[in-house]
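Let's take a friendly tour of one protein model, stopping at its charged pairs and at a pair of strands. Keep the structure open beside you as you read.

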Amino acid sequence: MTSIRTQARSEVRLNVIRLLAFGLLLVLPAASRAQQSPSIAEQIAKTYGLDSFGQIEAIRYTWNGEFPGGHKISNKWEWSPKTDTVSYEGKDKEGNPVKVTYQRSQLSSQSDVVKKEVDPAFSNDQYWVLLPFHLLWDGATATDEGQQKRPTGDTSAQKVVMKYPSEGGYQPGDTWDLYIGADKRIEEIAYHRGAANPPHFVTAIYADHKKAGPLLISMNHPGMVDGKPFRITLTDVSVKLTGSDKWIDAQ
């Protein structure tokens, strides 16, 4: 009897082990697929060429802004991401021409114009060029809120909310609402500023997408800033790939 009971208990244990093992076989592939499935932030960034960003030796572009009251700004940039070297050509707040090249790691040794005007302008302007990558680069929390009505018009799009923490970062507490098409391209944005200084609320269309080498870039951004119309456009966009001296124009 003892041997029978022992054998029975052994068979039960074996059956339990088999069931657990079978259960793991069912669960593990699903977990593996979940881990491999890219987040919505990754999907958007990959659409714009994130996987190939390591090939970029330099990117250059002119950022053009047309603002209420007829105010216009034109900033010409060249950025080498591997060394974080920035070249700028434009004007200071007094309207005087400025042409400078600097490494952002050495910003403390630069003039007040570079520290207080040029580099903040670089951070701002670069966002309009590489916003999809900042979804991952900046440590912001991205939340998929599903299909929502867009700020302009009656159509809907997939809404992804990009929230910055209340401390740290270029603009702490900022929130970006991104409205994404089925192709994972940004169609429209709504920006809510976390700080008290203006602008407080900005909406803009992401239009006229072009390829500059492996990067996809939206060139035209008409919109509203605190209830007034504005437009940002990117012109003369090109990239240089590692190992080449040739600039590839956006087209």
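## Salt bridges

A salt bridge here is a side-chain nitrogen of Lys or Arg within 4 Å of a carboxyl oxygen of Asp or Glu. Side chains of opposite charge can pair when their charged atoms come close. The structure has nine salt bridges. This is a predicted model, in which local features need pLDDT of at least 70 and side-chain atom pairs count only at pLDDT 80 or more, while totals for chains, interfaces and linings use all residues. Residues are numbered from 1 along each chain as its sequence is written, and side-chain values use heavy atoms, leaving out hydrogens and water.

## A pair within a helix

Start with aspartate 112 and lysine 115, whose side chains form a salt bridge of 3.9 Å, N to O. Both residues sit in helix α3 (residues 112–137), three residues apart, about one turn of the helix. Helices (H or I, at least four residues) and strands (E, at least two) are DSSP runs, numbered from the N terminus.

How open are these two residues? Buried means under 20% relative accessible area, exposed over 50%, and partly exposed in between (1.4 Å probe, protein chains only). Aspartate 112 is partly exposed because its relative accessible area is 47%, and lysine 115 is partly exposed because its value is 33%.

## The β5–β6 hairpin

Now find strand β5 (residues 141–149) and strand β6 (residues 156–163), which run antiparallel and are joined by seven bridges. Two strands pair if DSSP finds at least two bridges between them. The two strands form a hairpin with six residues between them, and glycine 153 in the turn has a positive phi of about 80°.

Glutamate 145 and lysine 159 form a salt bridge, with their closest N and O atoms 3.8 Å apart. This pair links distant parts of the chain, from glutamate 145 in β5 to lysine 159 in β6, 14 residues apart. Glutamate 145 is partly exposed because its relative accessible area is 37%, whereas lysine 159 is buried because its value is 16%. Another salt bridge joins lysine 149 to aspartate 154, with the closest N and O atoms 3.5 Å apart. Both lysine 149 and aspartate 154 are exposed.

## Glutamine 158

Is glutamine 158 buried or exposed? Glutamine 158 counts as buried because its relative accessibility is 11%. This residue belongs to strand β6, and glutamine 147 stands opposite.

Contact means heavy atoms within 4.5 Å. Not counting residues up to four places away in sequence, glutamine 158 touches several residues, including Ile40, Asp144, Leu178 and Lys184.
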